[in-house]
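Thanks for coming. I will take one structure today and walk through it region by region. Please have a look at it first.

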Amino acid sequence: MARGGAILAKTFRRLRHAAYTGITTKELDELARKLVLSYGAKPAFLGYASGASGKKFPASLCVSVGDEVVHGIPGTRFLKDGDIAGLDLGVLYNGFYTDSAITIGIGAISKKAQRLIEVTERALYLGIDMARLGNTTGDIGQAVQSYVEAQGFSVVRDLVGHGIGRELHEEPQVPNYGKVDRGIKLEEGMVVAIEPMVTEGSWQVVLSPDGWTYKTADGSLSAHFEHTVAITKKGPRILTK
């Protein structure tokens, strides 16, 4: 999984530089697919079937712009100056999955949008720091929630992180909210995808007619960061850093 995570990290370095004003989200998706294949892995999301709708995801990369929280489908949309875009990508390498996400600003973005991105990324690392033997999924969620809300933002409740390994989505669920000592106890060898989804307004989301894209219910901006993290005796090991 660490080798698959390294492929994800290399791909994101390329995508970050490619996400400029004027590029389409479909062009980013095509680049992500080509890179993942060139590194000897497979895109995890392409053809993935939703449990809710049964629809298969038509792309390799999720590109969620502005008020889109997650699972944005790439298309003819051009990224423009001032946008913020969440890029979410998974790979399958030697029978194991890894999953990661970043949110980036396109050109010059507002101070509030920049702060939303910074708070969300900081919340991810606070959550990761709690991914230790003997702690619980509630400890992770509480660390994320308490920080985000103290900064004046909200954490999405309807979408959560997850276990990952031979399947893209496994137990346990890893919410970005919770209480200390609640939830599933973390054990050595477990691997989880921790992924704060943070909004500048209400935490409530709505599902778009395409059956995949979640947006904020109030139209406010959203940011998303994610790492795949192994639980070890020495502490959390980020496999997608």
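This is a predicted model: local features need pLDDT of at least 70, side-chain atom pairs count only at pLDDT 80 or more; totals for chains, interfaces and linings use all residues.

Let me begin with the second largest pocket, where the largest share of the lining, four residues, comes from H1. The space in the second largest pocket comes to about 230 Å³. Its lining has 15 residues, and the ones closest to the centre are Phe12, Arg16, Ile102, His227 and Thr240. Besides H1, strand S5, residues 96–105, and helix H3, residues 111–129, each supply at least two residues of this lining. Sorted by class, the lining of the second largest pocket has seven nonpolar, five charged and three polar residues.

Next, the helix H3 itself. H3 has 19 residues, and from first C-alpha to last it reaches 27 Å, close to the 27 Å expected at 1.5 Å a residue. Which residues of H3 are buried? They are Ala113, Leu116, Ile117, Val119, Thr120, Ala123, Leu124, Gly127 and Ile128.

Now the largest pocket. The volume of the largest pocket is about 640 Å³. It is lined by 30 residues, and Tyr48, His71, Leu159, His169 and Trp212 are the closest to its centre. The lining of the largest pocket divides into 14 nonpolar, nine polar and seven charged residues. Two strands to look at here are S7 and S8, each of which supplies at least two residues of that lining. S8 gives the most, with three residues.

A hairpin of six residues joins S7 to S8.

Three strands form an open sheet in the order S6-S10-S13, with antiparallel pairing. Strand S6, residues 154–155, and strand S13, residues 222–224, stand at the edges with a single partner strand each, so one side of each is left without a neighbour in the sheet. Strand S10, residues 197–199, is joined to S13 by three bridges, and the two run antiparallel. Within that pairing, Val198 stands opposite Ala223 in S13.

On to the cavity. How many cavities of 30 Å³ or more does the structure hold? The count is one. About 30 Å³ of space lies in this largest cavity. Its lining consists of Cys62, Ser64, Val69, Val70, Gly86, Leu87, Asp88 and His224. Strand S2, residues 61–65, strand S3, residues 68–70, and strand S4, residues 84–93, each supply at least two residues of the lining. S4 gives the most, with three residues. By class, the cavity lining has four nonpolar residues, three polar and one charged. The residue His224 in this lining falls within S13, residues 222–224, one of the edge strands just described.

H2 runs over residues 25–38, has 14 residues and reaches 20 Å from its first C-alpha to its last, close to the 20 Å expected at 1.5 Å a residue. The buried residues of H2 are Thr25, Leu28, Asp29, Ala32, Leu35 and Val36. Why do these count as lying on the same side of H2? Because they cover an arc of only 130° around the axis. The face turned away from that buried side carries the exposed residues Lys34 and Ser38.

The last stop is Ile23, in the loop between helix H1, residues 2–18, and H2. Is Ile23 buried or exposed? Its relative accessibility is 7%, and the cut-off for buried is under 20%, so Ile23 counts as buried. Ile23 and Arg77 are 54 residues apart along the chain, and their C-alpha atoms are separated by 8.3 Å.

To recap the spaces: the largest pocket is about 640 Å³, the second largest pocket about 230 Å³, and the largest cavity about 30 Å³. I will stop there and take questions.

Terms used. Residues are numbered from 1 along each chain as its sequence is written. Side-chain values use heavy atoms; hydrogens and water are left out. On a 1 Å grid over the protein atoms alone, a cavity is a set of points where a 1.4 Å probe fits but cannot get out, and a pocket is an open set with protein on both sides within 12 Å along at least five of seven lines; lining residues have an atom within 4 Å of a point. Grid points are joined across faces, edges and corners, and a volume is the space filled by probe spheres set on the points. Ala, Val, Leu, Ile, Met, Phe, Trp, Tyr, Cys and Pro count as nonpolar, Asp, Glu, Lys and Arg as charged, and the others, Gly among them, as polar. Two strands pair if DSSP finds at least two bridges between them. The expected span of a helix is 1.5 Å times one less than its number of residues. Buried means under 20% relative accessible area, exposed over 50%, partly exposed in between (1.4 Å probe, protein chains only). The arc is that of the directions from the helix axis to the C-beta atoms.
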